[in-house]
Amino acid sequence: MIWGIFKRDMCHATRNVIAVIVSMGLVVVPALYAWFNIAASWDPYGNTKALKVAVANNDKGYKSNLIPVRVNVGETIISTLHANDQLDWQFVKSDKAIDGVKSGEYYAAIVIPKGFSADMMTLFSPDIKHAQLKYYLNEKINPIAPHITDQGATTVVNTIDKTFAKTIAQVGLDLASSILHYSQSPQMAEYMRNLNGNLTTTADTLSGASQQVTSYSQLLGSANDIVDSTGKLLASATKAGKQAQNALKQGKSGATSLTSAGANVTSSVNTALDQVSGAFDQVAAKVNKAFDAIGKDSDTAASQLATLSEQISSGESLYDTYITSLNHMRESVEQLPDSDSAKQALLEAIDREITLLEAAKGDSQKLAQQLKDASTQVTQDTAAAERSRKEILNRITSAKQSISNVRDDYATNVKPKIDALASTVSTLISQTDSMITQLSGTADGLDDVTGDVGTNVTSIRSTLGAIAKKLDSSAATVKELITKLETGGNAGDGNSDGGDGDNDADSGESDELRALATANASTLSTLISAPVALHRVSVYPIANYGSAMAPFYTILSIWVGAIILCAMLKVTISDREKAHVLGLGDTLPRIAGPSGPGNASRWGLRLDHEYFGRYAIFALLALLQGTLVCLGDTYFLGVQANHALQFLAVGWLAALVFSNIVYTLTVSFGDIGKAVAVVLLVMQVAGSGGTFPIETLPKFFQMLYPFLPFPHAIDAMHAAMAGSYGNEYLLDMVYLALFLIPSLLLGLVLRKPVIRLNNWVSRNLESTKVM
């Protein structure tokens, strides 16, 4: 029955020329649809040379005072675009460029502002400004043109970035090269020699200053020792005065001459101590002044030392006064009766005290002379001053010992003898008591002064020691710098004798710097501006954009062909055709009932016979459509097809599946089924992933994607064109073939209950005389 229906359909389709022409048209039209679209999109991005894009340069350029290189990025952009043929670049004024975009003369315009170069160079300043190009775009002229011109604008931006980086790198390398060449010139060598000489002088000066500060500190130490000795002497004098006061209080009798002598001695001692007090006040003041002048200049220090020498010399008269007083006392003692047992002992004690005082006087004279000599040597010879310092220390020690001997002898010999005689001079008690009390107060005051002086001198000596260490450290740093400069110079000259590991490292770094500076600056700057090159590795490469779009347009044309077949051919079989197939003449018997599907089933022509019998010619024409469009793609347009037979097989399977789906919808629902087929076409154009990746589509289409035949057919055709990963091709073919199951289920089973409903709808539509 199926064969009979197909055979009669073939006879009717080839009965006359018009039928043959229409049949041929049904086969050719879908192929033309695919071919025109594929050819039109063969290489659209390779034909962008006719797209007019205006470029206006208002850049004024930039020149730095630090680096005398004029930079004008705008001019560089214009020069680069003159050699660029991606778009039809139009170099005009900014006003014309903007107006041209508005009028549609230009698809887009790029305007380079006046301060473009200056803004780019703010990269090297704290106040960085982002350089901006003004990009004007007319988006209403064409939906694709904005994306193409955007690509051109991106090219301009990339060119700017690379050019800017290359310019800066080249300036830096040229500057490094110039510095290296200058560092090797004779003039630079002369500068380095002068610098080393000046640094050596500076280091020597710092070392000398450190030694001088150390000498001043030691001199202050000597002065501090003198102050300490004076304090001890005053303390001894105070103690002796108190002892004499106690002795005078115990004296009850004595000769008048001894009383007079004792009074004279006491008066002389009092006067001497007063003068000693004034002298030591002056000594303390001079010491302070000398200390203040030490850090400023040597002349001031010498003056202070000379003054100190004079004060010590003036103190020699005190010894003379004291000796004279002792001589008067001796004369008084000699007037005592020889029978007095204490007379001879006291005379011997007075003689021994006079001898010690004369020795102490000699030590003071020598100390004064040495201080005078030291004041001269401070300004002339630092080393001689250091030797004098040691001699003065020894002399002060000797003088201190002499004074100590005087004090001890007085306490041991003279004082007891005077105490023994003082018992007879009660009248001296009231006179000497007040004097000794005043002497004790004065000595206590002097003791406080000398204590403060010693404390201050110790603090200042500590500060001077720290200063000396700092000066020594600075001198060492300068000497180290001289060594490094000499080492660097030797390494730069290439005359190093080997040295240590650091010298070898420095030499290696110098060689690397020299190699970098002497290299081709243009090549290095190009590398720095674009350090990474993109090496594109195509996986399953496609020859061109037309080949990439061929699967989408081919599959789309096969579906369109199926719709055209259902629009031009009848999907139902008339009762006359059924009667001829059954051999019943021209008409079915009346008992067949109304005309419609399945009304001849009692004579053996079942519903499935009608379905497959009429679909046979649809399948044949669909296969011809698929064959023609696939062969035309491959051999007429030259679409890439690495596996031509697989490519053709996809076309055949898609033709059968699509034609069956559209045929079933039309058989089941009539003209409404045709409308549903068109709706499915529209949905698959948007949601098939043939133009844009399915991931970029709305969520609805991503969910619908697996349930549409287009995506599987397109993926299978891609695999046939460029190669298949694993069983990718076979799986897509199986998924595509599975769509026959619901189609056949609808055409053979599910449409039976709606046949009467569909007939009723058709009769009502025909009754309108319009539909």
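A salt bridge is here a side-chain nitrogen of Lys or Arg within 4 Å of a carboxyl oxygen of Asp or Glu. The model is predicted, so that local features need pLDDT of at least 70 and side-chain atom pairs count only at pLDDT 80 or more, while totals for chains, interfaces and linings use all residues. Residues are numbered from 1 along each chain as its sequence is written, and side-chain values use heavy atoms, with hydrogens and water left out.

Across the whole structure, a search finds 5 salt bridges. One of them joins Glu-610 and Lys-578, whose closest N and O atoms are 3.4 Å apart. Because Glu-610 lies in helix 18 and Lys-578 in helix 17, this pair ties together parts that are 32 residues apart in sequence; helices (H or I, at least four residues) are DSSP runs, numbered from the N terminus. Glu-610 is buried at a relative accessible area of 6%, and Lys-578 counts as buried at 0%, where buried means under 20% relative accessible area, exposed over 50%, and partly exposed in between (1.4 Å probe, protein chains only).

Helix 1 also takes part in such pairing. The side chains of Arg-8 and Glu-577 meet in a salt bridge of 2.6 Å, N to O, and this pair links helix 1 (residues 2-13) with helix 17 (residues 575-582), 569 residues apart. Arg-8 is partly exposed at 24% relative accessibility, whereas Glu-577 is buried at 13%. The side chains of Arg-614 and Asp-9 meet in another salt bridge, 2.9 Å from N to O, which links helix 18 (residues 607-636) to helix 1 across 605 residues; both Arg-614 and Asp-9 are buried.

Notes:
Helix = DSSP H or I, 4+ residues; strand = E, 2+ residues; numbered from the N terminus.
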